[in-house]
Amino acid sequence: MKVFSSYDNGRLTIYLHGELDHHAVRGAAELVERLLGEYLPRDCVLDLGRLSFMDSSGIALILRLHRRLVAGGGRFWVENVGAQPLRVLDAGGIGRVVQIAAAKEAKQA
Amino acid sequence: MKRDNYLKLEFPSRSANEALARASVAAFASQMDPTLDELGDIRTAVSEAVTNAIVHAYPDTVGVVWLRARILDGEYLEITVKDKGRGIEDVDRARQPLYTTGGEDRSGMGFTIMESFTDRLRIRSAPGRGTTVTMQRRIRRKPG
């Protein structure tokens with residue numbers, strides 16, 4: 001699991017690469033918290049375009065980010081979600097709480 | 001039901017073994033010619049069951065997790081994850097969405113995901129003695 005980021009005009013984009021499970025989520029959450037503390041973004045986007053696997057550990061991370069951003073008056077959403085992570089988010093009903101945009105391939109599937 | 005083939009794994013309840021468990025079952029299931037969605041669902045369900053054993057069965061110690069996958073009647077994949085950890089006091093409550101005793105890193109959606117991604121989910125647990133989770137997923141035979 002690798003975490004990359006970019007920052008532009010108040011918006012922090014966080015890219016997750018690899019597999020996000022219980023083993024990986026604690027390290028990923030620590031990195032994400034560090035990025036939020038460093039940039040203090042108004043908006044935050046989680047880009048899952050290179051995430052090949054996610055279980056409910058990913059749901060916990062997404063809800064945590066959502067709570068953090070919304071509590072500070074900012075916005076948070078998830079982009080480029082592939083087929084497998086999208087099925088997990090759908091099963092958890094997370095789209096009712098957080099704005100989720102599927103990747104092009106996942107929309108076609 | 002006719003038992004065709006099986007896989008057995010035993011490993012310590014270390015989180016590094018979550019990826020090994022789901023990859024092993026996915027590799028075993030590939031002989032059933034699943035679709036990518038079916039394979040993704042199987043990997044996810046295994047990951048949830050094994051994570052539960054690691055996080056909740058053995059919270060303060062490293063115990064043993066037993067995993068078995070077997071093919072029944074050529075088109076059902078049955079996955080069993082067993083531990084001899086602390087067990088679940090109230091299984092019905094644990095199955096409720098968003099219920100967790102695992103802190104901020106857990107969403108409480110594990111059993112909901114297992115239920116959604118398999119055709120049958122059975123949980124047997126006794127406090128102090130452990131938990132056995134059995135899941136069945138039908139992998140439809142492809143024409144030709």
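How many bridges join strand β2 of chain A to strand β3 of chain A, and in which direction do the two strands run? The legends below take this pair and other close-up views of a predicted model.

**View 1. Strands β2 and β3 of chain A run side by side.** Strand β2 covers residues 11-20 of chain A, and strand β3 covers residues 43-54. Nine bridges join them, and the two strands run parallel. One place to look is E19(A): its bridge partner in β3(A) is F53(A). Strands of a sheet pair through backbone hydrogen bonds, either parallel or antiparallel.

**View 2. Five strands of chain A form an open sheet.** Trace the order β1-β2-β3-β4-β5. The pairing is mixed. Strands β1 (2-8) and β5 (99-102) of chain A stand at the edges. Each has a single partner strand, so one side of each is left without a neighbour in the sheet. From one strand to the next, the twist averages 20 degrees.

**View 3. Helix α3 of chain A lies across the sheet strands β3, β4 and β5.** Strand β4 spans residues 75-81 of chain A. Helix α3(A) runs at about 115 degrees to β3(A).

**View 4. Helices α2 and α3 of chain A pack together.** Two packed helices are described by the angle between their axes and the distance between the axes. Here α2 (residues 56-71) and α3 (residues 83-91) of chain A pack at an angle of about 70 degrees, with their axes 10 Å apart. Angles of 65 to 115 degrees count as roughly perpendicular, so α2(A) is roughly perpendicular to α3(A). On the α2(A) side, find S56(A), G58(A) and I59(A). They meet P85(A), V88(A) and L89(A) in α3(A). By class, this contact of α2(A) with α3(A) has four nonpolar, two polar and no charged residues.

**View 5. Chain B touches chain A.** The contact takes 23 residues from chain B and 21 residues from chain A. On the chain B side, the elements giving two or more residues are α1 (17-29), α2 (36-57) and α4 (110-117). Helix α2(B) gives the most, with nine residues. By class, the chain B side has six nonpolar, nine polar and eight charged residues.

**View 6. The largest nonpolar core has 58 residues.** In soluble globular proteins, nonpolar side chains tend to be buried together. The residues with the most contacts inside this core are A45(B), A49(B) and V50(B). Helix α2(B) gives the most to the core, with nine residues. Beyond its neighbours up to four places away in sequence, A49(B) touches V81(B), M114(B), V133(B) and M135(B).

Note on methods: Residues numbered from 1 in each chain as written. Chains lettered and ligands numbered in written order. Predicted model: local features only at pLDDT ≥ 70, side-chain atom pairs only at ≥ 80, totals over all residues. Axes fitted to C-alpha atoms, helices over the stretch in contact; angles between N-to-C directions. Helix = DSSP H or I, 4+ residues; strand = E, 2+ residues; numbered from the N terminus. Parallel < 35°, antiparallel > 145°, perpendicular 65-115°, else oblique. Contact = placed C-beta atoms within 7 Å. Nonpolar A, V, L, I, M, F, W, Y, C, P; charged D, E, K, R; others polar. Pairing = 2+ DSSP bridges. Core = buried A, V, L, I, M, F, W, Y, C linked by C-beta atoms within 7 Å. Buried ≥ 20, exposed ≤ 12 C-beta atoms within 10 Å, placed from the backbone.
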